[in-house]
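Subject: Handover of the two-chain model

Dear colleague,

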Amino acid sequence: MVSAVSLQKVSRHFGLVKAMDEVDLEVMPGEFFAMLGPSGSGKTTCLRLIAGFEQPNAGHIEIFGERVEGVPPYRRNVNTVFQDYALFPHLDVLDNVAFSLMLRKVPRRERHRLAEEALDLVRLAGYGSRRPGQLSGGQRQRVALARAIVNKPKVLLLDEPLGALDLKLRESMQEELKALQKTLGITFIFVTHDQGEALSMADRVAVFNDGRVQQIGTPEDVYKRPVSRFVADFVGSSNVLVPDFVYWIVGEKRWASLRPEAIHVMAAGAGASRMTGTILSRSYLGPVIRLLIDLNGTRLHAAVPSSESVPAEGERVTIGFAKDAIHLMEEGEK
Amino acid sequence: MSVEAPAVLPNRRGALGGLSDTFWRRPRLLVLLLLIPAALWLGVVYLGSLLALLLQSFFHIDDFSGLVVHELTLRTYAELFKPQNADIILRTLAMAAAVTVASAVLAFPVAYMAARYLRGAWKVVFYLAVTLPLWSSYLVKVYAWKLILAKEGILTWLFGVLHIGPALDWILNLPVIGGNSLSFSFIGTFLVFLYIWLPYMILPIQAAVERVPVNLIDASADLGASPLKTFRHVILPLALPGIVAGSIFTFSLTLGDYIVPQIVGNGRLFIGQVVYTQQGTAGNIPLAAAFTVVPIVIMGVYLWAARKLGAFDAL
């Protein structure tokens, strides 16, 4: 099967800054693909290369098997939902959505009917005559989405589309986007710096750092089996264990990750574990309470269900975890 | 041990500090205070004199005595429709329209380049270059142009050197807009108007284009618009308020000017010159006033039409 989007050793440099450095990437047709990373990691540049706003300095990009170097954005059957929506302020909502149809000379009645349909799909039916300025952030986001899907593109690119929305709205939009992608069957490529968003929505995730792809895999892969310190730290706020500590436990001098929820916290002296420490802080997060434990200088985060009895700040505790909860990563000198 | 600061700091600045507090508590008082000078100036000095002028236009002049008759009548306005006066109005209107369209066409690429591509020091150079002509006296510039356009001037010489003298002759032989030489033709008048009002068109367009977010241009391309279509459907509509603002300057300045056509032109009158002679030597203040109302009405109609056409939708 031919990939929806394929990047082969793609680099994009801005002067001395390597925004993207030899990135390889395959996105399958119909896939919900997330590009996750901190700001400046190259994920947005990657999106702009696929859309055609940037040209690679090296490497090849293919969209459904066709080479697109030198192909301008307006000749790519790829549409983008922009971070700040980029709605045309001089057009009403209906004409915004129908913009691409207008360019393809679809007759007025027909394009307005199709635009109404797209608005219906994002649950904004009846808003056609309003101006973008009269809409709330969430509504604008939906208009941008409708405008991008009305043309049934081969690939839909989403550049942090939920970044400006408040938490509640973001969560409901996440579900809607997922459902919409199922309905349309279009390949979605989604850029975000929010790991929770990437894990909950995507079929596969690419974790970016410093212009390179660190790991590509299913959300579970990336969460449970990070390949590097960076991925472990950025995805899922795992504890990153230094090689010396890992050696002490499993006898191998390698970096490792340990998820907070895998740590059992007991009263001091209980159980067979020899690891005792002091609670430095506790924060209440609803279903769980997050503890920061000082273990003779090694600091670990633990997540304890808030239904259990949780030790107070300053208390001595014993901790334990299953040995196979330790996920070994790259080898380390230090 | 140091003295702890109080929760509310004392007012140490005396009467002035007290005034600040008052303004803070009653912000409208400050707005009112700031508005009074402007309101006095605009409302009394400017609008007042305009109304006095308007009133004059409803009087008429007695044909025998040459004195102003102070009774309300539309007779003076009727005079505007006499062939020789209507000619003047149409001529001025045509010139103002031509100057406006030409400056918009000339200004847009310059303004667009400056707004999109110039940064830092180059932008300063741009502002200097555009406004530099405004630094010197208007009269000096017009006379300089008279010399440039004269039969013995540099332009005729240049045409000769380039062996395209016949092209100049052809232009000068054009009916109506041609003439004896460029400095005695409507083309000359047009060129000088274009030169002196161009900065007033460039700057508003540049400001308007600068406010068009780059990501709208990206979005347009993303949705399938070639650069030409992006210009037509996104940039032009969004820059239109700037073009209209610029055209208000070029249009109304040309409508009212009485010096340029007097120095460079074929002697046929423009509205400004008529106003100048009627209120001066001819002593016909009512007719001068009626002529003055014409540009005001034209501008009103122009703005109304621009609004109807959606020129301000993007504001």
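What follows is a description of the chains, their sheets and helices, and a few individual residues.

Please bear in mind that this is a predicted model, in which local features need pLDDT of at least 70 and side-chain atom pairs count only at pLDDT 80 or more, while totals for chains, interfaces and linings use all residues. Residues are numbered from 1 along each chain as its sequence is written, and chains are lettered from A and ligands numbered from 1 in the order in which they are written.

**Chain A overall**

Chain A has 10 helices and 18 strands, where helices (H or I, at least four residues) and strands (E, at least two) are DSSP runs numbered from the N terminus. Its C-alpha trace spans about 80 × 45 × 35 Å along the principal axes. Of its 334 residues, 41% count as buried; a residue is buried if 20 or more other C-beta atoms lie within 10 Å of its own, exposed if 12 or fewer, and partly exposed in between, with C-beta atoms placed from the backbone. Among the contacts in chain A with a separation of 6 or more, 63% are between residues 24 or more positions apart, a contact being two residues whose C-beta atoms, placed from the backbone, lie within 7 Å.

**Sheets of chain A**

Three strands of chain A form an open sheet in the order 11-12-18, with antiparallel pairing; two strands pair if DSSP finds at least two bridges between them. Strand 11 (239-241) and strand 18 (327-331) of chain A each have a single partner strand and stand at the edges, so one side of each is left without a neighbour in the sheet. From one strand to the next, the twist averages 25°. Strand 12 (residues 254-258) of chain A runs antiparallel to strand 18 of chain A and is joined to it by three bridges, and A:R254 has A:E331 in strand 18 as its bridge partner. Helix 10 (residues 243-250) of chain A lies across strands 11 and 12 of that chain, running at about 80° to strand 12; axes here are lines fitted to C-alpha atoms, for helices over the stretch in contact, and angles run from 0 to 180 degrees between N-to-C directions.

Elsewhere in chain A, strand 17 (residues 316-320) pairs in the antiparallel sense with strand 13 (residues 264-267) over four bridges, A:V265 being partnered by A:I319. Strand 17 of chain A also pairs with strand 14 (residues 275-284), again antiparallel and over four bridges, and there A:G277 has A:V317 as its bridge partner.

Strand 1 (residues 5-14) and strand 2 (residues 17-27) of chain A pair in the antiparallel sense over seven bridges, with A:V5 partnered by A:V27. These two strands of chain A form a hairpin with two residues between them, and A:G15 in the turn has a positive phi of about 60°.

**Individual residues**

A:E22, which lies in strand 2 of chain A, has a positive phi of about 50° although it is not a glycine, and with 15 C-beta neighbours inside 10 Å it counts as partly exposed. A:F64 is likewise not a glycine but has a positive phi of about 45°; its place is in the loop between strand 4 (58-63) and strand 5 (66-67) of chain A.

A:N209 lies in strand 9 (residues 204-209) of chain A and counts as buried, with 20 C-beta neighbours inside 10 Å. Not counting residues up to four places away in sequence, A:N209 touches A:G37, A:S41, A:Q214 and A:F230.

**Chain B and the contact between the chains**

Helix 4 (residues 83-117) of chain B has 35 residues and should span 51 Å at 1.5 Å a residue, which agrees with the 50 Å between its end C-alpha atoms; the expected span is 1.5 Å times one less than the number of residues.

The contact between the chains takes 16 residues from chain B and 17 residues from chain A. On the side of chain B that touches chain A, the elements giving two or more residues are helix 10 (214-222) and helix 11 (227-256) of chain B, and helix 10 of chain B gives the largest share, six residues.

With best regards
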